[in-house]
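Here is a friendly walk through one protein chain, meant to be read beside the model. Keep the viewer open and follow along residue by residue.

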Amino acid sequence: MAADLSKKNMGDFLGEAKRVMEALDVLQQVHPFVGVAILAFKAIVNLELTRRENDRRVGLMLYQASDMMNMLLQLNDTRDPAIVGTHGSIRGRLDRVLDGIKQDIEDCGNAIDKYYKSKFMVKFFRSSHWASEFLKICSSFSQRTQDLQLALNIRTTLRVDIVMDELDKFIRTQSDREAKFEKEVQMRGGREKCLESEDKLVELLKIAKQREGRPQNKAHADAATKDVNKPTSKTDRLDASLLYELRAPLRNLLDENRALFMFKLDTQTSDIKDVIKDSETRIMWAFNSRFRQVKDLDLRYIWKEMKWTTSVKTPYFIAELHDYYVNRFSRLRHDALFSEAASDASSLALRVPSPTPTVSVVSDSEGEDRELPAVDSAYHELPIVDPADSWCLKYLSVFYVPSLSEGFDGDANGLVSVREVNTFTSAIPLGWTLPKALAYWAAGWRVDSQYYHARIEQVLNSMVYAQEDVLPENRRCIATYLDSYVIDGIKRLVRSLAELGPEDSDLDLAQLTAQRRNAQEETLADKLNIVKYEIDSKDSIKLFGSGRMENFLLPLLYLVIKRHLQIMKLASTVTLVERELESATQTLGNILDGVSLRVGQLAGAFLRFAMISYLLPPLQSHFVSRVMIQKRDSRGMPMACTTFGTVQS
């Protein structure tokens, strides 16, 4: 392996990891007990695959991990790992090794996560520490590979010493950017002298920022050297977080990062398990009729009666959904008035009467049921509908079609698939019925938006008043926080939300949204407590909720700034560590970066939608709802506003 390392790039390392992952999937099906190590390996590889930029040193570690996991594939030649030999069973020997592999992979993932989050200056000045940490991890992987050999009774000798020598050389090799930066450091007396002088560190910080993303551009490199004597701006000052990472032991930094990384890893592992489970479910579904794939009983009934296949056009789906519930609630009112058995309204599992335009029965003579050898009688009965949900019916009207369509048609392709229907219903809060979920998607989210608009404004105002009572030594860091671009960005975001319509006075809807808010805030608060209210990148935002970011953005933002307000109130009696509010500012900045990324996606979708609508026949309307349009202010900072409208050709 080591002899070829110099010829490999990051794509080769990740390609090898993906190849091993595919082979391990097959192995796990045969020997499920090895899953404890395989899931951890797949999780860190998947995290690396989703990064926008990759580092070759990280690739070398993953390559070493892949080499270790490749040894597990020898189990494919073992029919029964439980067979006991002279040194015990293979399964018994492997269990101990697998637990160690899992721990080593978690340590590797934590180091990678912290390394990527560190600024270039920290990586450069702590390069020897990072190299030692990476080599320590690679050495552990090599040792685990030998342990696997012994557990599997493999007699091939590994040349571990040669492998580690090669890895040491490649991990310590500087990149072009690092080599150029090294020259700047040597011009200022070397690393030790620079670390002792904050003025020299400020100069180097300016050079690092000016070369950011342009390491190959000589013109920029020359300009960076010439501009170091310019007055120091706010953005170039040495913040407390940077100084802390330059001086704190690397082991402390890794230990502090572990809780946040394990939260990421657990989420990634859970996603992998869900994918495996979903794959198994799809295989079982392949043997059933299409309508049986729909999990919700009401939607399953509609799907069956309309004879839809895997998907249906969104307008048709929403129209049929409306007609279905109009018919159901109308029948309930009719039965309440004229049926002698109206007192037993809770048991409404009725045999389907004669067909109506919206609810019809497919007879056996049409061939639908003859395809199945045994049909559950429940498929012939209308599901139970709660009469108390009749207030939801007004939110299934044409005025709320855009929001309802968006709720189901997540990819905005104009079709609602079985998968999207099941995704929608699986996200329904516990204790809610489908009509309540539809009412929330139609109008309830507007109520939530206004609620969080008011609460966030209230917290921001409280921060201004809290500033007056803080200790003198805390005033500068709090003023820096309140004057930062992130606070302006939050104000622009929440003040762009649309005003409420007639749903403002609906008490049923208000109660429904309050239930959801309380449950969602409790879930988000638990996750934020795990990571100590620190969101380290815009990619980490997805760990706090499933689906689209706008589904949990406002409560997340509210809970985070509410925590920051608590810190400010504490500042009236306790001296704050300066990097506390620097981390708080960075967290808000990462949230707003996520908003900007989402805005770009929606703007692109909006443009494509408008182009498609131009080509469609006249008089056909196409709805666009909750689209955040990106704007920039006079300083070039991103702004986001929410608009509601209709695109018409």
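## Met121 and its surroundings

Leaving out residues up to four places away in sequence, Met121 touches Phe181, Leu201, Leu204, Leu205, Ala208, Leu242 and Leu246, where contact means heavy atoms within 4.5 Å. Met121 belongs to helix H5, residues 120–125. Helices (H or I, at least four residues) and strands (E, at least two) are DSSP runs, numbered from the N terminus. With a relative accessibility of 2%, Met121 counts as buried; buried means under 20% relative accessible area, exposed over 50% and partly exposed in between, with a 1.4 Å probe and protein chains only. Met121 also pairs up with a residue from elsewhere in the sequence: Met121 and Glu245 are 124 residues apart in sequence, and their C-alpha atoms are 9.6 Å apart in space.

A word on the numbers before going on. The model is predicted, so local features need pLDDT of at least 70 and side-chain atom pairs count only at pLDDT 80 or more, while totals for chains, interfaces and linings use all residues. Residues are numbered from 1 along each chain as its sequence is written, and side-chain values use heavy atoms, with hydrogens and water left out.

## The chain as a whole

The protein chain has 23 helices and six strands. Of its 649 residues, 48% are buried. Among contacts with a separation of 6 or more, 77% are between residues 24 or more positions apart. The chain exposes about 33,200 Å², and carbon and sulfur atoms supply 53% of that area; accessible areas come from the Shrake-Rupley method with a 1.4 Å probe, and for residues only the protein chains shown count as cover.

Asn110 is placed in helix H4, residues 90–117. Is Asn110 buried or exposed? At 2% relative accessibility, Asn110 counts as buried. Not counting residues up to four places away in sequence, Asn110 touches Leu254, Asn257, Arg258 and Phe261.

Ser241 lies in helix H12, residues 240–247, and is partly exposed, with a relative accessible area of 23%. Which residues does Ser241 contact, leaving aside neighbours within four places in sequence? They are Arg579 and Glu582. Ser241 and Arg579 are 338 residues apart along the chain, yet their C-alpha atoms are separated by 5.1 Å.

## How some helices pack

Axes are lines fitted to C-alpha atoms, for helices over the stretch in contact, and angles run from 0 to 180 degrees between N-to-C directions.

| Helix pair | Axes come within | Crossing angle, roughly |
|---|---|---|
| H3 (residues 56–72) and H6 (residues 127–151) | 9 Å | 10° |
| H2 (residues 35–49) and H3 | 12 Å | 155° |
| H20 (residues 485–495) and H22 | 12 Å | 140° |

Angles under 35 degrees count as roughly parallel, over 145 as roughly antiparallel, 65 to 115 as roughly perpendicular and the rest as oblique. H3 and H6 are therefore roughly parallel to each other. On the H3 side, the contact includes Met61, Ala65 and Met68, and the H6 side includes Phe134, Ile137 and Phe141. By class, this contact of H3 with H6 has ten nonpolar, four polar and two charged residues. Ala, Val, Leu, Ile, Met, Phe, Trp, Tyr, Cys and Pro count as nonpolar, Asp, Glu, Lys and Arg as charged, and the others, Gly among them, as polar.

H2 and H3 are roughly antiparallel to each other. Ala37, Ile38, Phe41, Ile44 and Glu48 in H2 meet Val58, Leu62, Ala65, Ser66 and Met69 in H3. The residues of this contact of H2 with H3 divide into eight nonpolar, one polar and one charged.

The angle between H20 and H22 makes H20 oblique to H22. Ile490, Leu493 and Val494 in H20 meet Leu553, Leu554, Leu557 and Ile561 in H22. By class, the contact of H20 with H22 has seven nonpolar, no polar and no charged residues.

## Two lysines with positive phi

Most residues other than glycine have a negative phi. Lys307, in the loop between helix H14 (297–306) and strand E3 (311–313), has a phi near 55°, a positive value. Lys307 counts as partly exposed, at 48% relative accessibility. Lys532 sits in the loop between helix H21 (507–530) and helix H22 (553–570), and its phi is near 60°, also positive. At 65% relative accessibility, Lys532 counts as exposed.
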